[in-house]
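Please open the model in your viewer and keep the selection panel at hand.

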Amino acid sequence: MSNTGAVTNTAEWEQKCSHPEYKRIQMKKNALSKTIKYLQSAEGSAYIFIFPSIILLMMFNIIPLLAAFGLSFFDVPITLDSAKFIGIENFKTAFSDARFVNSLKVTAIFTAIEVPVQVIGAMIIAAFISENNLKNKFFRAIYFLPVICSATAIGIMWKMILHSNVGFFTYALSSMGLGRINFFNDTHMAIFTVAFISIWRSFGISAIIYVTAIQNVNGSLYEAAKMDGAGSLRQFIDVTVPSIRPTFWFILMTRFAGSLQIFDIIYMTTNGGPNYTTESTVTYVYSRAFSSGSQMGYASTMSVILFAVIMIVTVIMNKRMNSEDM
Amino acid sequence: MNSKGLKKTMLGIPVFIVLTVLALTVVVPLLWLILSAFKTEKEILTYPPTFIPHNLTLANFTATVKRIKIITYIKNSVIYAGVTTTLAVVVNSMAGYAYARKKFFGKGAFFLITLATMMVPFQVIMVPLFLVVYKLGMYNNYLGLIIPRVAVAGSIFMMRAAFANLPVELEDAARIDGLSEFGIFWRIMLPQVKSSVICLIILSINGSWNDLLWPMIVASDTKMRTLANGLALFVGQNTIQYGASFAGALISLLPMLILYILGQRYFVEGMASSGLKS
């Protein structure tokens, strides 16, 4: 490179500086150092701070989401090396696929059992343990315990406790004269068993969130209610419940979305059985995508339909919540 | 404020009974699991079942080493939780810091993108996400397991809220002292939001340690399995050893129980402020 050589006199120097190639490089250098300066400034550095998260979220959230929509129109073979465009064929297949329709039904039943218990039950329990004293702190600590446990361990545990032959709880019930209940293998019972385990696992988090909300209710509201002669039940209905509305909606929406995506507990206990009575949509999607005879395109189609359901439910609830505020 | 919530006066005793029954519903199964891990295989399968072990044995724990390759699984879980959490703290608090304290062109748009990912359930994108990881050649290795789980919108939100409350003077003083922008963030601002960082660390460790679905999808190789999916696959086999799976479950629970005892407040705060986990 000529422009890196030593400069011996001014004439040569000037000639060199006017050389278009040299000018271009100088300009580039200037632009680069300006950019670096900018990125070191208080404002420009923001881009460096958000860069890793934006790249990662784009690659592993946004692109996969767009790809899910795209893939739902393709037939992807197990080898994953090609994809054939088949239009809305996958969607047609889905709605005539008895197993998929069944999985939507199972998911709906599961949601219908889980959500009310989480939303209403947790609120009532929270009201009893919201006051800060040793006894209540103890109960809160206990109720939260399952939240930190893995679905794997919880699944192993309940599968054995409710085992049809040697289960501890099964035995306890039968010794009380209730007969031996087949919690996991009875086609009517299994979905309730799975829902119970799921509630057991995350009841604590709903309750604790309610407790925080109840503790933040303005104390003077209770005083006023008491002056009006309201008993504790009236105070709960007239003061507590209206005051914690936002939390109620928050838990309702997150629990709804969560229930519609149920997978872990089912996978660990029944794996969809008996006779598909506990096969949720995600369980079915998982098995179509990652088990033998994998069909990634079709699995994506079902994910997209589930996503649409989740979005519709969320939007409707959001609308109701906002109209309530006015 | 002893009048918040329902008062205990006339409801006192029945309420206490309900609360106690609920507490027992939580504790008794866990206790049973812990005790059963020390029972012999024969005792586990006897009828009527026992609660307290007749003969204590550690055979189940040695079985986990031989039958379940638990050492490998523990190693993988530690790597998964450890590296994911370390990267998550840096990446998410950096982003949260910028969104809370900096004005820049396109801030609204970038923030919207971040917000949008919060609406997207993992279960919906798991199939294409697998394809992305597979095509990048990260299938069945640590990169594929860890990298997609680092950036989390919920954590960015939590950190943003934490940074938003700090006084401007802190930043300005550091700037006058000639600290670089990253230095201001790392040495001055980040230590100010210590409790949020601890929340993030605890949530991230707990989330990846317990994560079942993603390792199942992307780390199916025996050498790559984490404790959660390795155990799940062991239990899924037909020739299941109950004692070993109880011991394995106990091993997977213990670190989280210890973490919970040490940092209960951070668990609760973190989960309440960054939204529920799915």
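Predicted model: local features only at pLDDT ≥ 70, side-chain atom pairs only at ≥ 80, totals over all residues.

## Where the chains touch

Next, show the contact between the two chains, which takes 83 residues from chain A and 79 residues from chain B. On the side of chain B that touches chain A, at least two residues each come from α1 (12–36), α4 (70–101), α5 (107–119), α6 (122–135), α11 (194–210), α12 (213–218), α13 (227–236) and α14 (242–273) of chain B. Select α14(B) in particular, because its 13 residues are the largest share of that side of chain B. If you then colour this side of chain B by residue type, it divides into 57 nonpolar, 17 polar and five charged residues.

## The two domains of chain A

Now turn to chain A, for which the domain assignment gives domain 1 (2–80) and domain 2 (89–325). The C-alpha centres of these two domains of chain A lie 48 Å apart, and the contact between them takes ten residues from domain 1 and nine residues from domain 2. On the domain 1 side of this contact, α3 (45–71) and β1 (74–75) of chain A are the elements that give two or more residues, and α3(A) gives the most, with three residues. By type, the residues on that side of domain 1 divide into eight nonpolar, one polar and one charged.

## The largest nonpolar core

Finally, select the largest nonpolar core, which has 156 residues, and in which A126(A), M157(A), A207(A), Y210(A) and A249(B) have the most contacts inside it. Helix α9 of chain A, residues 190–215, gives the most to this core, with 15 residues. Domain 1 and domain 2 of chain A both give residues to the core, so it lies between them. As a last stop, centre the view on A126(A), which, leaving aside its neighbours within four places in sequence, is in contact with A207(A), Y210(A), V211(A) and I214(A).

Note on methods
Residues numbered from 1 in each chain as written. Chains lettered and ligands numbered in written order. Contact = placed C-beta atoms within 7 Å. Helix = DSSP H or I, 4+ residues; strand = E, 2+ residues; numbered from the N terminus. Nonpolar A, V, L, I, M, F, W, Y, C, P; charged D, E, K, R; others polar. Domains from an automatic or database assignment. Core = buried A, V, L, I, M, F, W, Y, C linked by C-beta atoms within 7 Å. Buried ≥ 20, exposed ≤ 12 C-beta atoms within 10 Å, placed from the backbone.
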